[in-house]
Structure formats: structure tokens, C-alpha cells
Amino acid sequence: MSEALPLPEVHGLAHEAFLEEVHSFEFWFQSVSGYLAGRPYGQRPDLVDEPLAPDRRERLVTVLCNYCVGETAALEGASGLVAIAPDRLIQVFLSTQVVDEGRHLEVLLHRLRQLGVTDMEAEIAKRASPALVHFKRRLLELVASRDWEAAIFSQNVILEAMEFTVFQSHARTADPVTRELLQGIIKDERRHIGFGENELGRRLRVSPHIRARIGEVKRELDHFVLDSFEETLRELGVPASERPELGRSYLDAVARLGFA
Amino acid sequence: MVDPLEQQAVEDEAPRQRFLLEDTGFDEVPVRYRRFYRKWRGPGDSLGPNEAICPVCKVVIRSTRELRAGDRVYCMPCMSRLVIVRGEDGGLEARVAY
């Protein structure tokens, strides 16, 4: 049956009305329903898992363990950001991000279980990139110190932009099950990177003095995530010639924000 | 010879083409907004006169009317407000307006 509601010309909305719509829980719910309904743990039930050669499985487990570290950082970070968000609209949006990050962690853990990992915590601790673990600790310190702009930059610009690129790159060569769950995560990440860049862009426009502080955070933290995800792409066998692409989404975002 | 600026002014005053948008299967926004967005299909793809690529998330944004420099469009999938500008190559492109 065709859509019964009148179709609004969305581009004609006032900016405030647009932000109210896209930050709402209702918008989030209707959006994720479109691509997650009928896909338990992000996978179509009829999708056939292909057997992986032992070395490929081993590399995939390491990569997924590191994705779990990143998603745990984002889950704990977003949870803490809810309490320090500047207004209720942003609190509501961040609550949807918390749900997204919790789901990402769950589907990744489920995939590890499918690959035969039994002790998730031990496996993640053993395989986690020290650079990513360090980044996670610093992100949570920024959240705990109620440094809104620095925390949003670290989480929704540095971490999410790099995850967005790595997951897209990985999805191109992944086995069908891993590809499908990554594609679902990428759709969520679009909201997170957009929220981070736009929120920070609006803040920088009205409070240019925060630029120096964000620049400091960038210099301190972005290489940790870049290094750890370069390691991930090496594990995945992505040729060195394609790895500069990894940073492009992030570098484009910081250039638009004036940190070229 | 026609002055390019005069030519541009003539084009800007001409009535805009209208487009009937169909749902292309883009599933990342609520159903009622889906027809305003589509996926970029890669190197073989091209943009229509009513389309622009979001520089933040690379989704194709669509309008029911031909886009012109100065227009404002929204990318709902990544929640960005964008302004259409004429790029260095003479084509139209979308820039983020925070």
C-alpha cells in the first residue's frame, strides 16, 4: 500500500523545526525500524554463514574485539554525555545514540559468539589495541570533567568518523554475516557523525574561543584512534595504498570545522 | 558573445524544473521522508539537477525542484543543514551551514 500521509517538502522546514524533528526519539524509532526490523542481531535469519579459514577467523576475532572496545567507549561516553547535554532536545538525541551503541556492542558480541569465542571479556582484554584503550580512558575523563565540546569532538567526530570509514571499508570485503551487521551499524553512525559535526560547528560559530581547546584535544587524541584503526585495516588485509582513505572522512570533517 | 554572468542571471530567472520524486528504497529515514534521499551508487552514478551530495555523510539529497546556488537543503540521515553553492568547476555543490 502506498504512503497515505501527505509528503512534506522537507527542505522547506525552519531550521529549529528540522532539528526538533531529527533529534526526536520518534524520528530515530521510525528510522531504525526501516533497516533493523526482522533482523535479529543485525542479521537476516535466512542469511547463511560461510565457514572461514582459521587465519581469517583469527584476524576477524581480533578486529571485532577492537570494535567492541570502540563501541564500549561510545556507549559509556554517550551515556555520560546525556547528563551534561546543554538542552533537552540534545538529551533525547543522545539517549537514542546510547541505544544505538548498546545495540552495536550486542551484535558484535553475538558475532564473536558465532565465531566460537566463549570468554568475551578475556578475549577482548587480550586483543585490544593499547592506543584505543588509552583513547577510551581519556574520552571518559573528558566526559567526567563535564567538558562538553571536547567530549563531543572526541567521541562524535574523532571516534565516530573513523569507525564510519573503517566499517565501510571492512564491509566491502567481509563475509556475508559480518557485512550485514556492519551495514546496519554504518546507518546508525551517519546520525552520530552528523550530530557531532553540526553540534560542534554551531558551538564554534557562537563561541569561537573554544577553538583553541578543541585544537588541543585534536592534537592529543586523534592519532590514537587513527593508529588503532590503521592496525585494524592491516589485520583485514587492506592494501597500504588504500589506507590513506581511512582518515579522509575525519580529515574532511575537521577541515569543515576549521581545523585543517 | 554572451557574458557568463548575464547568462547565469537569465538561468536564475528561468522557471525551475519540477520533479516527481519516487522512493528508491533508501531506508534510513522515516517512510514519509524517504523519497528525498537516495544512495550514491558509485563512479557510474550522476546527479540530477534536483540532487546534491551531502559532504558529511555522502547520501544524495533530492528536491522536488531544480536546485540553484543559494538554496537550502537538509540531510536528514546525518542531520545537516546545507547550502547549495557554485563550486570551482562551475557545478553546484552542497556546503554545510552550521
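Biologist: What do S4(B) and S5(B) form, and which residue in the turn has a positive phi?

Modeller: S4(B) and S5(B) form a hairpin with four residues between them, and Met79(B) in the turn has a positive phi of about 65°. This is a predicted model: local features need pLDDT of at least 70, side-chain atom pairs count only at pLDDT 80 or more, and totals for chains, interfaces and linings use all residues. Residues are numbered from 1 along each chain as its sequence is written, while chains are lettered from A and ligands numbered from 1 in the order in which they are written.

Biologist: How do you know that S4(B) and S5(B) pair?

Modeller: Pairing needs at least two bridges found by DSSP, and strands S4 (residues 72-75) and S5 (residues 80-86) of chain B have four, in the antiparallel sense. Arg72(B), for instance, stands opposite Val83(B) in S5(B).

Biologist: Why is Glu20(A) called partly exposed?

Modeller: Glu20(A) has 14 C-beta neighbours inside 10 Å, so it counts as partly exposed (buried means 20 or more other C-beta atoms within 10 Å, exposed 12 or fewer, partly exposed in between). Glu20(A) sits in helix H1 (residues 15-22) of chain A.

Note on methods:
Helix = DSSP H or I, 4+ residues; strand = E, 2+ residues; numbered from the N terminus.
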